[in-house]
Amino acid sequence: MWRKANMMDGGIARVKIGTPKEMFEGERRVAMTPESAAQLQKLGYDCLIETGAGAEAGFSDADYAAAGVEIAKTAAALWKAVDVVAKVRAPNEAEVKRLRDGQTLISFINPAANDKLLKSAAKKGSTVVAMDMVPRISRAQKMDALSSMANIAGYRAIIEAGNNFGRFFTGQITAAGKVPPAKVLVVGAGVAGLAAVGTSTSLGAITYAFDVRPEVAEQIESMGAEFVFLDFEEEQADGAATGGYAAVSSPEFREAQLAKFRELAPEIDIVITTALIPNRDAPELWTEDMVGAMKPGSVIVDLAAEKGGNCKLTVMDKKIVTENGVTIIGYTDFPSRMAAQASTLYSTNIRHMMTDLTPEKDGVIDHNMEDDVIRGATVTHAKAITFPPPPPKIAAIAAAPKKEAVPEPTVQEKRAAEVAAFKSQTRNQVTLLAVGGAALLAVGLVAPASFMQHFIVFVLAVFIGFQVIWGVAHSLHTPLMAVTNAISSIIILGALMQIGSGSSLVILLAALGVFMTGINIFGGFLVTRRMLAMFQKS
Amino acid sequence: MEYGFTTAAYVVSVVLFILSLGGLSGQESAKRAVWYGITGMALAIAATLIGPGSGLWFLSMIMIAGGGYIGYQLATKVQMTQMPELVAAMHSLVGLAAVFVGFIAHVELGRVLAMDDAAKKGLEGFAAILAKKDGVEIAILRVELFLGIFIGAITFTGSIIAYGKLAGRVDSAATKLPGGHMLNAGAATLSLITLIWYFNTGGFLPLFLMTLAALFIGYHLIMGIGGADMPVVVSMLNSYSGWAAAAIGFSLGNDLMIVVGALVGSSGAILSYIMCKAMNRSFVSVILGGFGGPAGEQMAVEGEQIAIEAEGVAMALNEADNVVIIPGYGMAVAQAQSGVAELVRKLRAQGKNVRFAIHPVAGRLPGHMNVLLAEAKVPYDIVMEMDEINEDFPETDVAIVIGSNDIVNPAAQDDPNSPIAGMPVLECWKAKQVFVSKRGQGTGYSGIENPLFFRENTRMFYGDAKASLDKLLPMID
């Protein structure tokens, strides 16, 4: 009530969002940029920033001040002043201590491995929103910070590789000699992998990409790389079932995959590995013998270094050179190496999260735990740990389109329907037969035998016609018409039989009849044949 | 005179004709089925020429050859889009032939009856058969040939009008002379009176009067049916030509003509029935012409038609995964089928799921669209029927309507007072986006406003279908 009253007085004590300087060593990103601050103010918030927080990402205190952001002298002052803290890295112990009741923290958390943090935050009564827990549904893409960062990592991986690779990416034929193009293999076609593929192809390298999910082959090819197909028959788990992430593959599949890599290793100049499986160590995909088979001067960039690396030789956060001259890069701070870009994207993700938390755009946070996205990302709220979240109501990726379930009729209903249909059918048929039979009899009573002979034939032919035509395919109705048209020229027989008997008038009429039906016979059949010859399977 | 060989040949050709019709149940077997039909027809003619029709056989051969040449020229030159007209035109020939054959039978009957017994013994061919008939048989014969001429004459003028309407030479709107159905009823009554007259006297005058009346009925009946119902009319006329052949077969005592006429007659009738069912129209009201009057005010259509240029369509297509194309008569008129096929090839090459949705009465003939698409080499396994594809529309990203109107009209479901209420339609408006390629803002053949064009997810892509596609194609990549 107190806060609301004050707001009405002119917004003196509006809700404040603040961003402290990152304490993690080497972290250069910042969670708020002057641009995102301007947007947040439009939502009705006041913005604070610790002095120098954006310096390493290229944003000076003056830039922030110009955007209307208040500068806090120390981290302690900032934490004390604000209601919402927006950060990049998960808070360290000192920062956790600063959290207070009712305060909201938005940052990367990695909640699965940060039990202690969750417990103390919950105990204090602060709400923690983990940007790395935003569910992967279409609506939440604008706040999917993992994808933003992975995109940067993929791009940067190629740049780092190029930096350590002694040749051009494009093949060139110059006056000074011929340069072969670089061959790049990207393992794992998630966001980072695809970004790497795109960067690599636009630099002109011959790019191959591999993923255990065959459905991404199309995406890989759309980025201009060649998908490495395995000669392997197995029902692959649909990526859609696991929220778009890869699942663990079978040992047989792994063997086939490694064999393929072994075959490729000697000709590949640059390998980018991005294979991660949620909540597990990174799978080993690039073995020591593959590294040994590579040419000197080749480069491996292991984006999975943080989780142990896809290559066992990778040293986290280090660049090493093997005995045979292969450079292996195990950096884990690729986004931070492009701090300006990363900060812009991340702060935009944060801003979108705030937009969703402020449905009325009035500077009041409405933490709606019914909302799939907010619920998924919130790891502590109202003094309780709310991790892991329940599965979202909407599947992350549309699974194979499901047919609408038709309510299955019960056995009795089915039986009753069948009986009813059978009865009405029987009734119809019996009625028809009775009427038809009676009509036939009536005709038979008066007509002479010679007529009845023909009449029987006629009735039977009509019957056969009815039976045969029901089965004709819908698409063939036009050919059917052309054929029946041609066949109806059977009337030519009448003309033929009469042409030789009698007067010149008869001959003339009969000859005309033969002529016209002749047109019809040839025209009808030929047109039918033309039409049918066109039907073909794909 | 009996010809054992001829009868045997007739049996074989009847079997071949039945196999030919039955073979049309599938695309592959249909290719074989045509040959059955051709063989059956060749066998029937050959057997007749050798047997009962051997008189003046040389003249017959010349006439067949001459007709065959013209038929060959027609069949090879005709554009696939003109198929409906061709079929209608050819029906008129069968109708006229039936009239001629009927008149000959009348002339011959008169001649034979005038002879004495001695002269009758010397007769050959058809006249010899007539000579053997007794009183009752001759009476029946008169009814048969009367019917043959009657149906033949209706088929003749009816087919010519249908041809004119399909070819655009006759105004396709339903028009009636003052008096409407009363004129038809009058002509029919006149025919009935002449039948009784002819039955009793056997004179030429009643036959001639009846022929005029029947010609008028054929003309007026089909004039009164709107262009949208032409598919039903063509298949109905097809049926008539069969019945005419059967009636003539009776009067000539030729079993093969009876059997084949009955086959054609019943198949045409069923086809008409199937089509009427697809349009949710009563068969009788189609035959008698015109829509039944609406029971109340039709819903007013609100909103406006929003146009879009080729760039917008191309962008949406490049982004779509699921595309459904709904062709109609407009595609046939603009000869756009090869452009459509090219579009499909390009989209499919990008891995998109592209399918065709064909309404049972799309175009001016049943199966018309299938034939055109087949001509443009669209594989037939992506061409779906209405029932197969209707439930897939909600998952469709882009639906493209090319020159169809009534078959995609949501009023059939929403507006109980619409003239087409209850007609099954393609529910393309359930797709995320609908593009309608259309020449202008006019209404379709039935003259009914289409609320689809005013929907929020519908964009109108104005212009001739072929020109529009030519503009669109280079932008798809």
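**Reading the predicted model of chains A and B**

User: Which stretches of chain A have a pLDDT below 50?

Analyst: Taking pLDDT as the predictor's confidence in each residue, from 0 to 100, chain A has a mean of 82, and 88% of its residues reach 70 or more. Where pLDDT is low, the predicted coordinates should not be read in detail. With contact meaning heavy atoms within 4.5 Å, one such stretch has nine contacts beyond near neighbours in sequence, and another has 12 contacts beyond four places in sequence. In that order, they are residues 1-11 and residues 395-407.

User: Is P20(A) buried or exposed?

Analyst: P20(A) is found in the loop between β1 (16-19) and α2 (34-42) of chain A, where its contacts outside four places in sequence include E50(A), L78(A), W79(A) and E95(A). The C-alpha of E50(A), 30 residues apart from P20(A) along the chain, is separated from that of P20(A) by 4.9 Å. Because its relative accessibility is 1%, and the classes are under 20% for buried, over 50% for exposed and partly exposed in between (1.4 Å probe, protein chains only), P20(A) is buried.

User: What is the handedness of the β-α-β crossover from β1(A) to β2(A)?

Analyst: Strands count as paired if DSSP finds at least two bridges between them; β1(A) pairs in the parallel sense with β2 (residues 46-50) over four bridges, with L48(A) in β2(A) as the bridge partner of G18(A). The path from β1(A) to β2(A) goes through α2(A), and the right-handed sense is assigned if, with the strands pointing away from the viewer, the path from the first strand over the helix to the second runs clockwise. This crossover is right-handed.

User: Which residue in β4(A) is the bridge partner of I17(A)?

Analyst: β1(A) also pairs in the parallel sense with strand β4 (residues 84-86) of chain A, over two bridges. Within β4(A), the partner of I17(A) is V84(A).

User: Which residues of chain A are in contact with S20(B)?

Analyst: S20(B) has its place in helix α1 (residues 4-22) of chain B, and its relative accessible area of 1% is why S20(B) counts as buried. Outside four places in sequence, its contacts in chain B are A33(B), Y36(B) and G37(B), and those in chain A are V483(A) and I487(A).

User: What distance does α15(B) reach from its first C-alpha to its last?

Analyst: Helix α15(B) covers residues 337-349, and its buried residues include V340(B), L343(B), V344(B) and L347(B). An α-helix has 3.6 residues a turn, so residues three or four places apart point the same way. The expected span, 1.5 Å times one less than the number of residues, is 18 Å for these 13 residues, and the helix is close to that, reaching 18 Å.

Key: Residues are numbered from 1 along each chain as its sequence is written. Chains are lettered from A and ligands numbered from 1 in the order in which they are written. This is a predicted model: local features need pLDDT of at least 70, side-chain atom pairs count only at pLDDT 80 or more; totals for chains, interfaces and linings use all residues. Side-chain values use heavy atoms; hydrogens and water are left out.
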